[in-house]
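Please keep the structure in view while reading.

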Amino acid sequence: MFHLDWLNDRFLIAMIAILHVIINHGLAVGFIPFVTWLEQKGVRNSSPNEITNPEWDKMAYKLMWTAFIITTTIGAMTGVGIWFSASLVSPASIGSLIRVFYWAWFTEWIVFVTEVVLILIYFLTWKNSNKSLDAKLRHIKFGWFLAIFSWITMALIVAILGFMMDPGNWKTDHSLLTGVFNPIYLPQLLFRTPTAMVVGGTYGLLMIFLFTKKDTEIRTKAVKLAGKWILAWTPLALIAAIIYYNVMPNAMKANLSTAVGTMDFAQYYDLLKYIIIGAISIVFIVASIAVFKPKLLKTYMVITSVVAIMSFLAIFERVREFIRKPYVIGNYMYSNLLREEDYPLYKKDGILKHATYASVTEITNENKIQAGKDVFMYTCSRCHTTNGVNAITYVFERMYGFGKPLNEDDMASYIPNMHEGRTYMPPFAGNKKELKALVAYIKHLQQTGETLEGAQTEGIVVNQKNNSDAVSKMVERLKEEQNKKLVTK
Amino acid sequence: MLLQINTPIPKDIPLELPLPEWLLVTLLVVSFLLHIIFINLMLGGSIITLWAQIKGLKNKEYDIFAHEISKTITVNKSMAVVLGVAPLLSINTLYTIYFYSANALTGFAWIMIIPLVTIAFLLTYLHKYTWEKLEQSKKVHIAIMGLAVVIFLFIPLIFLTNVNLMMFPEKWGTIKGFMSALVLPNVFPRYFEFLGACLAVTGIFIVWYNNRKNYPFEETYKTFTRYDVKKIGYSIAIIGLGLQILFGIIVLFTLPAKGIGYDVIAVMTAAGSLLVIVLWWAYKAITNEQQHIDQHFKKIVFTMLAFMVLYGGSRQMYRHNALHKHQDLVAANTAEFQRLSKEARENPVEVKEELELDASLGELATGGAIFKQKCGACHKKDEKLVGPPMLEMVSIYKGKVDDLKNWIKAPGKKRPDFPQMPGFKDQLSDEELSELTKYILSIK
């Protein structure tokens, strides 16, 4: 298994995903319509003998230029990056999702290709289109097209994400449509659309500040327009946020098994409330200044507004991620990538016996630490490191006292119950012996400060029970048994 | 010998493929073809831009040529990225465990693709938009492109290493990081074959690009004629094709035996012969009289496409041959695991373990055992552990059993320097709760 022992595996995905959302919501979904709108205003406000107001058009072009460069580099690559990191950190879950959602993703891909082609055309033909009014109007139409496609891309992605939060009936009938039309889909989409518009407008405001000179007429005008754009969308975003906020817990309660889960969740949830209110008010105030007193607006205000909206997006994604625990795919697969339905088997046989890669299958006193390491890798390493972020020794010491030696028995009685108290963690998979090995390993970690390297540096050790030899023998054995049955019949 | 035996047999994801295998394979091969053409153009374009710009230091016309080619890179690279998603999706579905295993084994290099490609893309934009600004410091400008090319050259190596490693589960146990996977036979020959393809495809692309009627060639160049530039295109293609044929042969001979069959050899040879024919036409184009330079163009394009389909097909055949035995074992192992899992699900081992009753506690024994099992990890008799000591509980709840029960079911947050206590609403029956509280309140 791939494992980043310092940074924490989840953190890797989260970082890339949040960066992607900040860029994509802001610079594609919400920004393209804004720029197109600006471009249109340029044509409308130009003097009768010119196609568009050149200075204004140049400003709009610069905005688009910035968005183009960022979305086609960092934006596109973080999108791919989510895949790459997920395939490293959580292969079983992304693999399952792809099998179920192949067509959704395939459609998404086609829309996405169209979007890229449109953005290339829109951006690259901008200057040429300024030669005639017809071309310019066509160009603007293209902009609106592009905006629609960006939105469809998001709508599809939200469907897929929504599914992961709430599997609806998927678990029983495994079909695509039931996955797509899950109960929080529409509220989420409703929320993301105006939010993206607000974010886009806010980024736009910042760029207008960067690309125009102080106290010029063009800045005042553009700032006013951006302010109007933001003000128009903010109430919608707020209403949608309230709706979403109200349906979220109902949907999540199904996933959270105990009261504490809801309490932990409530803490985050409260935080979310304040951040939403805080961020939206900042954005609102800045936008109002932009509309009514554009001259008073200062760069630092605009930057505050951008930071507020960015952190809002980041926290929002974080909460969405958090309430998904302990499952990666609700009620089907836990975040440690073990399927819920296989738990009884793991409880009976232990997890190591069925693991493809494990150095130990029969635990003895001598190989206990080694076995514990494998158990840790399979059951805890997706969320805990040995020494870095959310280190296993740190979380235990925080419970039992820093600097004190950890007690194996205490830990052993805590771990089988941990999912009940801390619902963000999946239950421990594995049998008694493995539990003993795990706590011995954790104790060993505390004593030695050892680190755990993932397969990307250490390589793998193949489980002797799961190599080609063993499996071939098993196949032969099964065949023989079947033959015997046939003979006795 | 030991290594031979130690081939891992992972278990597959127990979900059906979303569409028939042949269709997935077709989608994989076709979408990959589209993707790779743009990759070829992106990489080939960057290399040629760099080369032309350096040549342009002496001959200004080459500088213009470089500028023209560089404008196409950023477009082709955007297409290359989006078009890459579909084959990625298909290979994920079709070869799930193989692909992921290879990814994990070369993890750092694999994830480095993201920042590296991002940087390279930003560099190409920087290069494109500073062409006029850096007119005076050409060397710096060329260095930007140089850096981008170096990164671009490295990325395919990571991909090739992965798709190569994926085909050899028997090697997985011996791999320690990217470097050891890189040196598996066949990675480098395929890499150079690929570079040849980049030059060949881009060469032909240059011919097409400069042949377009609406391309304002005459306004762009001063002394170069369309013929000159097309000739450069063909010459580049010839070099590329030569590399491709040479390394193609090496690939064929270094291919590990396990996936080779007469079918693979036949298809690869057929594909190779097509390349030889293309090479001949390209050679004709530059040696013929000027007006005949376009004579074979269409044939060249179609034959190259045919080559790509055949070559992609042969790679897929090889992959199939190399893996199908292993895939059968994986399927068997997965089925057996599912059977065992089902069996275990239907006959669960008693999860509620026997409480360890302590006879000396008499009628409090049940409560004592529950406490030990559920609460002991956090509470001790007279010492603070995670939560407050039991004696403290007793002092708070003496005579208030119901309050105690409520707390246990849904604890509040009281002590600011303590963590949150978990609730036990769903895990304790009323009866157990009574036994438990009876025990707690008996502590002195």
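Across the interface of chain A and chain B, in this predicted model, the rule finds zero salt bridges. Polar contacts do occur there, and the count between chain A and chain B is three residue pairs, with both residues of each pair at pLDDT 80 or more. On the side of chain A that touches chain B, the largest share comes from helix H3 (residues 54–89) of chain A, which gives 15 residues.

| Class, side of chain A that touches chain B | Residues |
|---|---|
| Nonpolar | 49 residues |
| Polar | 23 residues |

How many residues does the contact take from each chain? It takes 85 residues from chain A and 84 residues from chain B. The area buried between chain A and chain B is about 7,600 Å², and carbon and sulfur atoms give 69% of that area.

Chain A itself has 21 helices and two strands, and of its 489 residues, 59% count as buried. When the contacts in chain A between residues at least 6 apart in sequence are considered, 76% of them join residues that are at least 24 apart.

The confidence of the prediction should be kept in mind as well. The model scores ipTM 0.83 and pTM 0.83, while chain B averages a pLDDT of 84, with 96% of the residues scoring at least 70. Within chain B, confidence is lowest in helix H1 (residues 2–5) of chain B, where the mean is 46, and highest in helix H9 (residues 187–211) of chain B, where it is 92.

One residue of chain B can be followed in more detail. Lys230(B) is found in helix H11 (residues 226–254) of chain B. Is the residue Lys230(B) buried or exposed? Lys230(B) counts as buried because its relative accessibility is 5%, and the cut-off for buried is under 20%. If residues up to four places away in sequence are not counted, Lys230(B) touches Val207(B), Asn211(B), Ile293(B) and Asp294(B). With Asn211(B), one of these residues, there is also a polar contact, made between the side chain of Lys230(B) and the side chain of Asn211(B) at 2.9 Å.

Conventions: Residues numbered from 1 in each chain as written. Chains lettered and ligands numbered in written order. Heavy atoms only, no water. Helix = DSSP H or I, 4+ residues; strand = E, 2+ residues; numbered from the N terminus. Buried < 20%, exposed > 50% of the residue type's maximum accessible area, 1.4 Å probe, protein only. Polar contact = N/O pair within 3.5 Å; in protein donor to acceptor, adjacent residues only side chain to side chain. Contact = heavy atoms within 4.5 Å. Buried area = accessible area lost by both parts, 1.4 Å probe. Salt bridge = Lys/Arg side-chain N within 4 Å of Asp/Glu carboxyl O. Nonpolar A, V, L, I, M, F, W, Y, C, P; charged D, E, K, R; others polar. pLDDT = per-residue confidence, 0-100.
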